[in-house]
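Please look over the notes below alongside the model.

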Amino acid sequence: MRCTKCENKKKLEPRIQNLKYDVSGLDNVMIHGVKVYYCKNCGERYIQYGNLDEIDAAIVEALLKKEQPLIGKEIRFLRTWKGYSGQRFASLLNSSPEHLYRIEANEKPVNDKFDRLVRLAIMSLSVDRNYEEVHEMLEGKKNLVKYDRIELKPKGGHYSVQYA
């Protein structure tokens, strides 16, 4: 690895360190064995955490196994990991966006019922869902399909769904 900030042509040597994972928005996550490259010429620092998807998945697993109720920052991490906006996630939890915001900002405590609801939502909702379609289904606006059999037909590396 070479410095992209200055004209230093020397190869940067990594140091193995344990770093706080601030990118997550959580202040209690430490990653061990992180490669950190320092440019001796300009002082620039490059961090190589590793596979971020695996790191985030490990954090999610740890949060879902946590004995104590989740706190606001943890709920925000879980929600954004799934790709939901605050408004959409609040709707799925049958809560107001304002209520969710106050919880995520630690202005309001998380009760046991809300904690369990968030954990269930995170465990059951897919990351790749069409959120508009899910929202419409929950509100009863989306027409559901009656069928006896699902037929999956190959189509360009994916499958098209047909109902019979």
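How many helices and strands are there in the protein? There are 6 helices and 5 strands, where helices (H or I, at least four residues) and strands (E, at least two) are DSSP runs numbered from the N terminus.

1. Basis. This is a predicted model, in which local features need pLDDT of at least 70 and side-chain atom pairs count only at pLDDT 80 or more, while totals for chains, interfaces and linings use all residues. Residues are numbered from 1 along each chain as its sequence is written, and side-chain values use heavy atoms, with hydrogens and water left out.

2. Layout. From the N terminus on, the elements run β-β-β-α-α-α-α-α-α-β-β. Buried residues make up 29% of the 164 residues; buried means under 20% relative accessible area, exposed over 50%, and partly exposed in between (1.4 Å probe, protein chains only). Among contacts between residues at least 6 apart in sequence, 49% join residues at least 24 apart, with contact meaning heavy atoms within 4.5 Å.

3. The three-stranded sheet. The strand order is E1-E2-E3 in an open sheet with antiparallel pairing; two strands pair if DSSP finds at least two bridges between them. Strand E1 (14-20) and strand E3 (45-48) are the edge strands, each pairing on one side only. On average, neighbouring strands of this sheet are turned by 40° against each other, direction ignored. Axes here are lines fitted to C-alpha atoms, for helices over the stretch in contact, and angles run from 0 to 180 degrees between N-to-C directions. Strand E2 (residues 30-38) pairs with E3 over 4 bridges in the antiparallel sense, and lysine 35 has glutamine 48 in E3 as its bridge partner.

4. E4 and strand E5 (residues 158-163) pair over 6 bridges in the antiparallel sense. These strands form a hairpin with 2 residues between them, and glycine 156 in the turn has a positive phi of about 60°. Proline 154 stands opposite tyrosine 159 in E5. How many buried residues are there among the 6 residues of strand E4 (residues 150-155)? The count is 0, and the strand is hardly covered.

5. The cores. In soluble globular proteins, nonpolar side chains tend to be buried together. A nonpolar core is a set of buried Ala, Val, Leu, Ile, Met, Phe, Trp, Tyr and Cys residues joined through side-chain atoms within 4.5 Å. The largest one has 28 residues, of which Ile59, Ile75, Leu78, Phe89, Phe114 and Val118 touch the most other members. At least two residues of this core come from each of E2, H1, helix H2 (72-82), H3, helix H4 (97-104) and helix H5 (112-124). Apart from it lies another core of 6 residues, including Cys3, Cys6, Leu12 and Tyr37. Leaving out residues up to four places away in sequence, isoleucine 59 touches Tyr21, Ser24, Leu26, Val29 and Phe77.

6. H2 against H4. The axes of H2 and H4 are 7 Å apart and the packing angle is about 120°. That makes H2 oblique to H4; angles under 35 degrees count as roughly parallel, over 145 as roughly antiparallel, 65 to 115 as roughly perpendicular and the rest as oblique. Gly72, Lys73, Ile75, Arg76 and Arg79 in H2 meet Leu100, Ile103 and Glu104 in H4. The buried residues in H2 include Glu74, Arg79 and Lys82. Just after H2, glycine 83 takes a positive phi of about 90°.

7. Aromatic pairs. Rings of Phe, Tyr and Trp (its six-membered ring) pair if their centres lie within 6.5 Å; planes under 30 degrees apart count as stacked, over 60 as edge-to-face and the rest as tilted. The count by this rule is 2 aromatic pairs. Tyrosine 21 and tyrosine 49 form an edge-to-face pair, 5.1 Å centre to centre with 80° between the planes. Tyrosine 21 lies in the loop between E1 and E2 and tyrosine 49 in the loop between E3 and helix H1 (52-64), so the pair ties together parts that are 28 residues apart in sequence. Tyrosine 84 and phenylalanine 89 form a tilted pair, 5.9 Å centre to centre with 45° between the planes.

8. Phenylalanine 89. This residue is in helix H3 (residues 86-92) and counts as buried at 0% relative accessibility. Not counting residues up to four places away in sequence, phenylalanine 89 touches Ile75, Arg79, Tyr84, Leu100, Val118, Ala121, Ile122 and Leu125. Phenylalanine 89 and alanine 121 are 32 residues apart in sequence and 8.9 Å apart in space, C-alpha to C-alpha.
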